[in-house]
Every structure is written in structure tokens, then in C-alpha cells.
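Try each task before reading its solution.

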Amino acid sequence: MTLETVAGERLSLPEPLSWDIRRGDPCDACELVFPYDAGIDKRLPFAHRFDIRRDGAVVLRGIVDEWRVTLGDDGKKTALFGRGLQALLLDNEVEPVYYQTAGWADIAARHIAPYGIAVTAGGTAPVRYDFKVEAGLREWQVVTGFLPAGVSPAFSPQGALSLRTPAVSKTPKIVLRQGVDILAAQAVYDRYGIVSSVLIRNRDRNETIERVSNDAVRRGIQRRIVNTGVGSDGMARQELLARERLEASLRTLYALRVTAPGSFLAEPFDTVRVAGISPAFDGDWLVRCARSTLTRHAALCQLELFR
């Protein structure tokens, strides 16, 4: 692991005794424990960035949040806590701004690039009209609020941001089988919070339109939300948002968490194929979060999956 100070000095830390590295929603995060080094200890207060590498490749780049020195029966150790570069967007508030017309390039230039975060190709978003950024919002809220449902900002291990449209790939990144690769699993079918219908009010004409999720209704789910549109353009957008909301809501119905031996088995939005748990949960899933841990006993990877 390498640290970078505010002055640009680079510090190399010894091999970690343990690590806990999480990639994915809501923010990449890490906790690493090292043997204590008095020489590095004096410079740690000035460290603000880190690179974690494994086999020569960066597995997480981010900002330093906290470091600790602990003393116990097993000696003196240094613990370091950090988050991925998206933390800069989560931590910083925006100045209010009004966009008569806003494209993804405008949002990236004003709300992402100033924090030294690279935006790479990989997706796009439609132009928004009359897009208002209110005071008190965080930069991350502006980015996610600009994007349509079904499009997600994703960070690479190196800290670059791209847009992704989550979709199951025909070729899974890995295949995990119960009794062979899977050490533990928890499969969840959760109806709570699933939306069955969206009622759209036309404020100009005092009329309503209802969009219904037949899949949710067949399951006996009854939860309605109400949106308001103004004018033909506003109503058209609300109808689009309603369809996207109903589809996105159903994707939270099933969830699966599996633990397998190894580290960094998959990245967020990778496709993972699971077999041997139950007919309802076998098949292809997408990774929401990937957590890799290393202790003196074992290296494990826990994947939180969604459909």
C-alpha cells in the first residue's frame, strides 16, 4: 500500500496484517492493519490519498479518513481507514445553479472534474432541460439526480467514474456452486418497499394517469406512489419515470449474499452465476457490493447480488 501526502511525498507501508476492502454501493471503503513503523507514524497526519495494490494491480484508490495506533498483547499496530474517491462527491456540498439545458458533459465538468476524478467512456445520459441544483445538496446527489433510472455511476478501482446500465452478461465473470465454491449464503425474497403502481397527476388539467406493475399485482403487492406533472412535456417525463421506477423497484425483490474463498473475485455490476442454492435463487445475478477480507486465518470474498 502506498500513501500520498499533501506535499506529494509517497510513503510505502509494510504488508498488511489484515484488510477489509469493500467495493460498491454506497461507497468504496477499506480498513487495513499494519505493523507499527515509527518512521511512517510521524508523516501519517499529512497523508490524504492511498493506493492499495495486489499482484501489481490497483484494487482501490481513495482518500484517507482516519488512522489509529493500537497497543495490545500482540504488540503495536497501525490501522488505516479510507474510502474511494466517490467520497469526495459525497462529502462536498454544491453551490445552487440552474441549467436551462444540461448534458452529461456539463455535469461532469462542474460537479466531478474539480475533485480530480476522471470521467471515462462507458455510457451516456439524455439532455435535461430546466435542471435545478438546490443549495445544500451534495455533488453525488446532483450526479445521481441527473441520471435517468436504470443508469448508474460506477467507479473503477483506480477511481475513474463511468456510466453503466446494469445488465446480465451472457458470459459470467465467475460461477459459484453450493458445496464447492460457496462457503455460506443468504437468499432473501423481500416484498417490503416494492411499488405496485404510480399515479401521475396532471396539474394543468386536474387529471390522473395510473401506471401499474402487473408482476407486483400478481404477487399481491399493494403500494402506490403519486407524482405530479405540468404540461405535455412534464407529463411525458413523469410517465417515463413511472415506468422506470416500477422496473427498478422489482429488481429489489430478490437479493442474495454469498461468501467464497479468495479475494477480489468480482467487481460491482459483474455477472455472477450461482448454482445449487434453490430453484428460485439459482441463475445469473449482478454484483451490488464486493467485500474482500484477509486475516491470518483466511482470505474471503462476500458478494451482495441483485437481479
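**Exercise 1.** Is D91 buried, partly exposed or exposed?

*Solution.* Note that this is a predicted model. Step one: take the relative accessible area of D91, which is 38%. Step two: apply the cut-offs, where buried means under 20% and exposed means over 50%. The value of 38% falls in between, so D91 is partly exposed. Step three: look for a partner. The side chain of D91 meets that of R83 in a salt bridge, at 2.7 Å from N to O.

**Exercise 2.** Find the salt-bridge partner of R219. Then give the exposure of both residues.

*Solution.* Step one: the partner is D215. The closest N and O atoms of the pair are 3.2 Å apart. Step two: R219 has a relative accessible area of 29%, so R219 is partly exposed. Step three: D215 comes to 27%, so D215 is partly exposed too.

**Exercise 3.** Which parts does the pair of E304 and R257 tie together?

*Solution.* Step one: check the contact. E304 and R257 form a salt bridge, with the closest N and O atoms 3.5 Å apart. Step two: place each residue. E304 lies in strand β20, residues 299-306. R257 lies in strand β17, residues 254-261. Step three: the pair therefore ties together parts that are 47 residues apart in sequence.

**Exercise 4.** Which residues do salt bridges with shared partners join into one network?

*Solution.* Step one: name the members, which are E4, R10, D51 and R61. The structure holds 20 salt bridges.

Conventions. Residues are numbered from 1 along each chain as its sequence is written. This is a predicted model: local features need pLDDT of at least 70, side-chain atom pairs count only at pLDDT 80 or more; totals for chains, interfaces and linings use all residues. Side-chain values use heavy atoms; hydrogens and water are left out. A salt bridge is a side-chain nitrogen of Lys or Arg within 4 Å of a carboxyl oxygen of Asp or Glu. Buried means under 20% relative accessible area, exposed over 50%, partly exposed in between (1.4 Å probe, protein chains only). Helices (H or I, at least four residues) and strands (E, at least two) are DSSP runs, numbered from the N terminus.
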